[in-house]
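Hi everyone, thanks for making time. I'd like to walk you through one structure today, so let me put it up on the screen.

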Amino acid sequence: MNNEQLDFAFVAELPIAAVPPKKKGIRSKASSVKKTPVDLACAVATLPPLTAYAADSIPDPQGLDPSEAMAATLEAHPDYRIQRRLKPRLQWEDSKGQAVCRVVILDTETTGLDATKDKIMELAILRVDVDRATGMPVGVVQVYDGLEDPGIPIPKEIQEITGITPEMVHGQRLDEARIMALLEGVDLVIAHNAGFDRPFCENRMARFQDLAWACSWADIPWKELGRASAKLESLAAQMGWFYDAHRAEMDCHALLAILAAPLPRAAHTGLARLLAGVDTASYRLQATNAPFEAKDLLKTRGYRWSAEHKVWHTRVGDEAALQAELAWLKAQVYKQRSVELTGEKMQSKVRYSARPGDMVQHRL
């Protein structure tokens, strides 16, 4: 019996009490014992009695298939975590007449990182309505996933990451009519790293310029809200899921599932948080003429260096955050000296694009 048959994976590792012959895939952490893989059935048999667990944490095995029953047994043990394969959800509860907004979850696979010269070779879209009151998806999820011949070579490393080969995309083209239909009436486009996906999409189809965008990676403070990382695979793993990453459609399904889940330290979902920020401006701020000796302080603060413009810059989420950042710069970087800084006010229809926002001067 292997992990593919069971359709789950172990995060914690199984005990070494009677070590059977080697079996691929499961290892012990015990540092004082030679690490020898353990047969699954034998390992489960060595677990402490279920009476040692909290009674309300033990699942009722009735009606479960054998693999799920075994997974549930391990899951009830405080020393183990179970990861299940994430299965796309295409139908959610009906809206029951509640007010909804229309959202698109989007992901691209491209030939490289530079939107000025690289091209899209796969585009996936999930369109779903979201209950404004609960922040939960409702109704049917509409799906599009298409390949496109980029017309330029696909680097070997990109083929290895995505599994997309020149033979797969040869002669392929995105279905623009289908994409335009899915974008009709959309209130928000969400991508996990919209600063990457949006320029590629706008270069391919101008319609994407007219839409409000949000970034589920940058617009949600995942660590503050109880998640260990903002990376998509890490978010899924922390929620008990694994999936085949780096293909556009599956990445979209994973992101929708993550955004539909309640946040650990908040009374709302990730979808609700992103929707609440649609009408809120964000800001790009440049630390103009910052002293050289402040570079480490700025870097630690999260500022990035622009070699092109020779300036440290950052992004802040709203007006209150902007004022707090200006106060920090004056006290910590400019040491109360008067200075005029350059910034941009970014509304959601420009945010994360390559197009500039409204230029703003800030006098400290």
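Let's begin inside. What you see is a predicted model, and its largest nonpolar core has 37 residues. The members that touch the most others are Val-103, Ile-105, Leu-188, Ile-190, Trp-222, Leu-256 and Leu-259. Which elements build this core? At least two residues each come from strands S3 (100-110), S4 (120-131) and S6 (188-191), and from helices H8 (232-238), H9 (248-260) and H10 (270-276). Helix H9 gives the most, with ten residues.

Take Ile-190 as an example. Setting aside neighbours within four places in sequence, Ile-190 is in contact with a list of residues that includes Val-103, Ile-105, Ala-214, Ser-216, Leu-255, Leu-259, Leu-271 and Leu-274. There is also a second, separate core of 23 residues, with Tyr-144, Leu-182, Leu-183 and Ala-194 among them.

Now please look at helix H12, residues 319-333. With 15 residues at 1.5 Å a residue, H12 should span 21 Å, and its end C-alpha atoms are 20 Å apart, so the two agree. Which residues of H12 are buried? They are Leu-322, Glu-325, Leu-326, Trp-328, Leu-329 and Val-333.

Finally, the ends of H12. After the helix comes Lys-335, with a positive phi near 50°.

Key: Residues are numbered from 1 along each chain as its sequence is written. This is a predicted model: local features need pLDDT of at least 70, side-chain atom pairs count only at pLDDT 80 or more; totals for chains, interfaces and linings use all residues. Side-chain values use heavy atoms; hydrogens and water are left out. Helices (H or I, at least four residues) and strands (E, at least two) are DSSP runs, numbered from the N terminus. The expected span of a helix is 1.5 Å times one less than its number of residues. Buried means under 20% relative accessible area, exposed over 50%, partly exposed in between (1.4 Å probe, protein chains only). A nonpolar core is a set of buried Ala, Val, Leu, Ile, Met, Phe, Trp, Tyr and Cys residues joined through side-chain atoms within 4.5 Å. Contact means heavy atoms within 4.5 Å.
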